[in-house]
Amino acid sequence: MMTDCLFCKIAAGEIPSAKVYEDEEILAFRDINPQAPVHILIIPKKHVASLAEVGEEDTALLGKIQVLTRKLAEQEGVAVSGFRIVSNSGPDSGQEVGHLHYHLMGGRDLMA
Ligand code: AMP
Ligand code: ZN
């Protein structure tokens, strides 16, 4: 755990979050400043700074996150209506929190 990392603290339960899913490796919680009716952040509990830092050893973890994304989209009622996954990586992307996370957004017309 990175002691100065916001999402490491959330993963460790040191900072509260509105959890929607948790297991040993992955946490999903609601974005504090939602940009869509459904806006969930999905993170690995282990500290990875961004997609720019993933390695071969993360293949299974990243695959699990993808399948979880589908399950959460169903649970949140947006699997059919549509949803979007965004993962910002690095300064040009506007990444604000330096711990890998996927935004799951849906619940309205994202093309609007
Ligand atoms: P990014 O710009 O991709 O790094 O996104 C960071 C996201 O984290 C933003 O959408 C924020 O609203 C969200 N965020 C920041 N702090 C918290 C928090 N304590 N709980 C939930 N979401 C947060
Ligand atoms: Zn972290």
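The model is predicted, so local features need pLDDT of at least 70 and side-chain atom pairs count only at pLDDT 80 or more, while totals for chains, interfaces and linings use all residues. Residues are numbered from 1 along each chain, chains are lettered from A and ligands numbered from 1 in the order written, and side-chain values use heavy atoms, without hydrogens and water.

**The pocket**

- The largest pocket has a volume of about 420 Å³.
- A pocket here is an open set of points on a 1 Å grid over the protein atoms alone, where a 1.4 Å probe fits, with protein on both sides within 12 Å along at least five of seven lines; lining residues have an atom within 4 Å of a point.
- Its volume is the space filled by probe spheres set on the points, which are joined across faces, edges and corners.
- There are 22 lining residues, and F7, D31, I32, L41 and V97 lie nearest the centre.
- Two or more lining residues come from each of α1 (6–11), β2 (26–30) and β3 (38–44), with α1 giving the largest share, 3 residues.
- Helices (H or I, at least four residues) and strands (E, at least two) are DSSP runs, numbered from the N terminus.

**The ligand and its shell**

- Ligand 1 sits in the largest pocket, meaning that more than half of its atoms lie within 2 Å of the pocket's grid points.
- Around ligand 1 are 16 residues, the closest being D31, N88, E96, H101 and H103; a residue is near if one of its heavy atoms lies within 4 Å.
- α1 gives the most to this shell, with 3 residues.

**Polar contacts**

- These are pairs of N or O atoms within 3.5 Å.
- A polar side-chain atom of D31 lies 2.5 Å from an oxygen atom of ligand 1.
- V97 has a polar backbone atom 3.0 Å from an oxygen atom of ligand 1.
- For I32, a backbone N or O atom is 3.1 Å from a nitrogen atom of ligand 1.

How values were computed
A polar contact is a pair of N or O atoms within 3.5 Å; within protein, one must be able to donate a hydrogen and the other to accept it, and residues adjacent in sequence count only if both atoms are side-chain atoms.
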